[in-house]
Amino acid sequence: MSLASLSVSALRSKLRSRETSPVEALDALEARIGKVDPVVHGYLSRDYAAARALAENADVNLPLGGVPIAIKDVINVIGEPCSCGSKILDGYKANYDATVIRMLRAAGAIPFGRCNMDEFAMGSSTENSAFGRSCNPWDPSRVPGGSSGGSAAVVAANEAFAALGSDTGGSIRQPAAFCGCVGLKPTYGRVSRFGLVAFASSLDQIGPFTKTVEDAALLLNAISGRDPLDSTSLDEPVPDYTATLGQDLKGVKLGMPKEYFISGIDPQVDAAVRAAIRHYESLGAEIVEVSLPNTEHAVGVYYIIATAEASANLARFDGVRYGSRATNSSLLEMYGQTRGQGFGPEVKRRIILGTYVLSSGYYDAFYLRAQKVRTLIRRDFMSAFEKVDAIICPTTPEPAFKAGDRSDDPLKMYLADIFTIACNLAGTCGMSLPCGFADVDGKKLPVGLQLIGQPFQEARLLQLAHAYEQSTDWHKSAAPI
Amino acid sequence: MRAASTWTACPLREDAADAGLDEPRGDGAEDGGFSDGAAAAGFEDDERDLVLREQIAEAVGADEVGLAFSRAVVGLLEAKRADAGFGEVGAVAVEVDDVEGIAGGVGFAEQLGHARERGRAAEVEADIAPERIECIEERARGEPRVNEAGVARPADDVEDAEREPHRARENRFGRGELAADIDALGEAAGGVGDEFPREPEERAHVGGDGEFARLRLFEKIREKRGVFLCAEDGVVEFAAPAFRAALDAPRAHDRAAVGEVHVVFEIPAEVFVVAVVEGQREGRGHADRVAGLVFEMDGEGVLSRGSEEKPQFLHGGEATGADGCGRTFFVCRMKRAAIRARGNPPGRRRSLHGLTFSFHSPRLLRSHPRPMSDQFDVRYIAQLARLDLSADEIAKFQSQLGQVLSHVEKLNKVDVSGVEPTAHANHVVNVFRADEPRDWFSPADALANAPRSANGLFIVPKVIE
């Protein structure tokens, strides 16, 4: 087994026992990247020299001492680009660290590599990157999911030990499902958003991509907690998320939302998820049917709220303070042309939609109504959580789709997020973990199992995921690249 | 009503006579929809009309600018209407992008005249869509015009003997044929006034058809954007930009999903609907049933037939088409009388053949725009967002986001009464920190990524012209 394919916890043991060194780990990654990234295209850039300097001085006794972590190109790391997959930020260099980066550094980790993504995290396939799409390591003709597709792909292709992504409507869980890795979206307010380039501020949350559930717990340990620089981060206690791992599932109740098991789900996905649910029963969990009656409205609510917030957040890209500037002719022309030339089609679409739903006369009918339906969606979850500890369902209705399949049909693309969006609207935590494979055109494609937990109950979620993972072998299969 | 204190008020009578507006014409609206529409708008009351007139006179002022503008609008409408072959098209529209800009400028007719003289047509075209001007010029030359369907129309169809004297007549601007034409065509105002009382005695109360119609126009001038619409029965209506959809076929189909009939625009007597079917339909002989209505192509245009309606002919070519994605769309106009025949009073939402029509009076339509995708205008929104889009992008987004909005409209079916909005998943309020200085970006840090900077400042193009 090559060094690059190790999990974070396995690498950590080897580092602590001096079997290997942070520089060797970095070099192993660099070699692996050189071999497979020309196909995967999971990275937009890497600063090997900077990472090596950190690796040489790493304190391996820290929780993540000497472990390189890949970072989605939407999170600021000082001295590195942060293009957000957009031409408008081509050439931008961050001059500060996001809080999660500061915390990772404090835990001894080494930020290494900028992961490709859908432009400004808008998309479900990474095809919206201005710098070319990423490929799914299980079948390069397919997408790795999105928007954090690069983060998922580099972890699945063993080009990274772990990565950070961001999840606004499923952007961690959906690519994790497509690429066969573990992806965790923490509860809104669990992790600081400071330094994360904002897409939809009431939904965005940073979270880890890892090869194992234990690794997800390790990363969450490092990045959780209140941050004075993010007023929406909460002062909830941060437990040791590895503490619950290995506890048995006696007395645990899992809710199967009937609205998530509908016709239209790929039969192989459906079968894999149902098998996983039976497996949980065999582990001692009780399965209860629950209802989330407003599920069908989630996509509509999301595309109002997320685009509305995006249209406001992206107003800052106007050619004044950073990024490219198209012209110096007049102020209004500069705004219009800079934005017109700098943003890609999906970002423009969402700015238009968001501006429309916030415009005078439409605010009440669209935005306010969507916020009210959001309340109903959140209530659905809260009443389900009165009966169950977590909700269990598919992460996506289908396995990874072919590149180009949906790029001309935004609505179809949006509906790919149907199972992940509600979790963001409710503001609770969710994760995806591998639960099997679909055989499509002779290729093995990963299937993701989604667990949605109560707010700030990530420990329970990780416990549940860990129990499943340790009693199955899915996570041991490596992408054939 | 907004006060316009900088505008001077002066008597209206003289200008009304000058524009030939004292010759009422075109009662129209035999189906009764007309008066019902007026009733719905609350204009049955003479007193109200008088108040309205006073308010308009006070607010707009009957100065040269306002009058010239109103005549121009009416003239353009009339020219367009004549050109289009009114019996067939049923309604025409003049788009006025920024009415106040014109009305507040040097006077529309003068502006038009000057621009012509100086060869600066572009300046005028920026204010009035070029085809409208072209339309007037062609009429002035007496040339037959090719209509939107690509069919050359005989000149006598366009020529209207009663207009000749007006065209020849000397006018106050003396700008030659074009201005004369505008002036003469102001006669059309005699036929406008959708809320105008039908009986002669009633008309006397408000000073004649023409004057009242112009008063209504002044009110309309004060709306910033929109379409002046002149319908078959002589109704002149100021409408929201949404009406463009009804005439702008490439965008009209965006509002309806396959198999649905979608109301794209309403005027007092008629409803415009768009229906979309799967597959390509070309040439004649295709019939499709959508939501209980028959849409039939006879090669020149579309017939829509409801079970209790006579076939309604809609103009050809322009109003039908394909979207390049295997769909064909029909835009049809339907008599509201046919709907009313079912005993549906105006002012309520009704269902006909599974279609939902909402009965707004023009006034209500204005003050309470329906917040639906048929009001969705990418071009306008892009301006708000300071986002330059290419023509291709506009067309594409209009179609794609129309579909997304149709999906989003399902939210209207959710009962949200008494539900608090969720702005945020975590209910935290008043997160404060100590107001103390701390180490943060230096000016150099802040400027490090600026496209242009100097002397510790961001440099931007000149803000004040």
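# A tour of chains A and B

Helices α7(A) and α15(A) are roughly antiparallel to each other, since an angle over 145 degrees counts as such and theirs is about 160°. This is a predicted model. To see the pair, select residues 213–223 and residues 458–470 of chain A; the two axes are 9 Å apart. The crossing of α7(A) and α15(A) is left-handed.

Next, show the side chains between the two helices. On α7(A) the contact uses Val213(A), Glu214(A), Ala216(A), Ala217(A) and Leu220(A). On α15(A) the residues are Glu458(A), Leu462(A), Ala465(A), His466(A) and Glu469(A). Sorted by class, this contact has six nonpolar residues, one polar and three charged.

**The sheet of chain A**

Now colour the strands of chain A. Eleven of them form an open sheet with mixed pairing, in the order β1-β3-β2-β4-β6-β5-β10-β11-β9-β7-β8. Select β1 (43–45) and β8 (286–290) to find the edges: each has a single partner strand, so one side of each is left without a neighbour in the sheet. On average, neighbouring strands of this sheet are turned by 35° against each other, direction ignored.

With β2(A), the pairing is parallel and has four bridges. Here Lys72(A) stands opposite Cys115(A) in β3(A). The strand β3(A) is mostly covered, with six of its six residues buried.

Elsewhere in the sheet, select residues 429–440 and residues 443–453 of chain A. These are β10 and β11, which pair in the antiparallel sense over eleven bridges.

**A residue in β4(A)**

Centre the view on Ala162(A), which belongs to strand β4 (residues 162–167) of chain A. Is Ala162(A) buried or exposed? Count the other C-beta atoms within 10 Å: there are 28. A residue is buried if 20 or more lie within that distance, so Ala162(A) is buried.

Leaving aside residues up to four places away in sequence, Ala162(A) touches Val8(A), Ile69(A), Val155(A), Pro208(A), Phe209(A), Thr210(A), Asp215(A) and Leu219(A). For a distance to check, pick Thr212(A): its C-alpha is 9.4 Å from that of Ala162(A), although 50 residues separate the two in sequence.

Switch to chain B, which has 21 helices and 15 strands. Of its 465 residues, 43% count as buried. Among the contacts in chain B with a separation of 6 or more, 64% are between residues 24 or more positions apart.

Finally, display both chains and select where they meet. Chain A gives 59 residues to the contact and chain B gives 44. On chain B, α19 (378–384) and α20 (391–408) each supply at least two residues of the side that touches chain A. Which helix of chain B gives the largest share of that side? Select α20(B), which provides eight residues. Coloured by class, the side of chain B that touches chain A shows 30 nonpolar, seven polar and seven charged residues.

Key: Residues are numbered from 1 along each chain as its sequence is written. Chains are lettered from A and ligands numbered from 1 in the order in which they are written. This is a predicted model: local features need pLDDT of at least 70, side-chain atom pairs count only at pLDDT 80 or more; totals for chains, interfaces and linings use all residues. Axes are lines fitted to C-alpha atoms, for helices over the stretch in contact, and angles run from 0 to 180 degrees between N-to-C directions. Angles under 35 degrees count as roughly parallel, over 145 as roughly antiparallel, 65 to 115 as roughly perpendicular and the rest as oblique. A crossing is left-handed if the near helix is turned anticlockwise from the far one by less than a right angle, and right-handed if clockwise. Two residues are in contact if their C-beta atoms, placed from the backbone, lie within 7 Å. Ala, Val, Leu, Ile, Met, Phe, Trp, Tyr, Cys and Pro count as nonpolar, Asp, Glu, Lys and Arg as charged, and the others, Gly among them, as polar. A residue is buried if 20 or more other C-beta atoms lie within 10 Å of its own, exposed if 12 or fewer, and partly exposed in between; C-beta atoms are placed from the backbone. Two strands pair if DSSP finds at least two bridges between them.
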